[in-house]
Amino acid sequence: MAEIFSRTANGCGHRQVAMCLRAELGARVADKTVPKMMRETGIRCGIRRETDCHRYNSYRGVVGETFGNAIGRDFSADGPWQKMGTDVTEFRQPWGKAYFAPVYDFGSKEIVAWSTSTRPDMAQQAELLDRLLERMPEGARPVLHSDSKNDISRFCGNRNGAVSCKPGPRRSILTRTPIDWSASVA
C-alpha cells in the first residue's frame, strides 16, 4: 500500500489505493478497510477535499469579556426591576418574517419593554434597550438574562461612538458572552 501511495508527489486517496490494490494485485478489500489501514500506518493524502475550502463559517472567536450565569436558573425575584429576561421570537407572516423582542420582569410578571422588527439586528436591540432605559426607575440595577449571544447581550451600550449616559442592567447569559454594563458607562 505504501508503494502505491508513493507513486505520486502528493500521494493519493483511499479510493485510488483501493482501486490499484484490486486491479494490480487482485486483492479483495472492502471499501472501509483501505482508509482504516492508511490511518493505522500514518499515510495521509496531501490534497485536501474541495468542499473543505469552500465551507462557510461565521464564527469570529470570543466577542467581548465573558461573565458567568448570574441568574443560575433561579428566575424568581423578590420585587420588580431585579431580574429580567429577554429573547427574540420569530413569527412567520404572509408578507415575510417578523421578530418580537420583549423584556420580561420576573418580579412583577409583566413585559416592561418590547420591540418588533422585520430583521433581528442591532437596530432592534438598540430600540429595545432605549425603551427599557426610559422605563427603568432611578437606582435600579436589574440583571438582564438572555439565552443567546445574538440577542441584546451583544449590545454593550456603545452606539455609533456614543456611550449610554444612564447605567443599564447587569448582564446574565445562559452559556454565552454577557457584558457588564457598569464597565461600558463612562
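This is a predicted model: local features need pLDDT of at least 70, side-chain atom pairs count only at pLDDT 80 or more; totals for chains, interfaces and linings use all residues.

**Aromatic rings**

I started with Phe106, which counts as buried (under 20% relative accessible area, with exposed over 50% and partly exposed in between; 1.4 Å probe, protein chains only) at 12% relative accessibility. Residues are numbered from 1 along each chain as its sequence is written, and side-chain values use heavy atoms, with hydrogens and water left out.

Next I looked for aromatic pairs (ring centres of Phe, Tyr or the six-membered ring of Trp within 6.5 Å; planes under 30 degrees apart are stacked, over 60 edge-to-face, the rest tilted) and found three. The Phe75 and Phe106 rings have centres 5.3 Å apart and planes at 55°, so I logged this pair as tilted. Phe75, at 35% relative accessibility, is partly exposed. Ring pairs join Phe75, Tyr104 and Phe106 into a cluster.

I then checked Trp114, which is partly exposed at 42% relative accessibility. Arg131 lies over its face, 4.7 Å from the ring centre (CZ of Arg or NZ of Lys within 6 Å of the centre and within 35 degrees of the ring normal).

**Helix α2**

Last, I turned to α2, residues 14-25 (helices are DSSP runs of H or I, at least four residues, numbered from the N terminus). Which of its residues are buried? I noted Val17, Ala18, Cys20 and Leu21. Facing away from that buried side are the exposed Arg15 and Ala23.

Notes
Helices (H or I, at least four residues) and strands (E, at least two) are DSSP runs, numbered from the N terminus. The expected span of a helix is 1.5 Å times one less than its number of residues.
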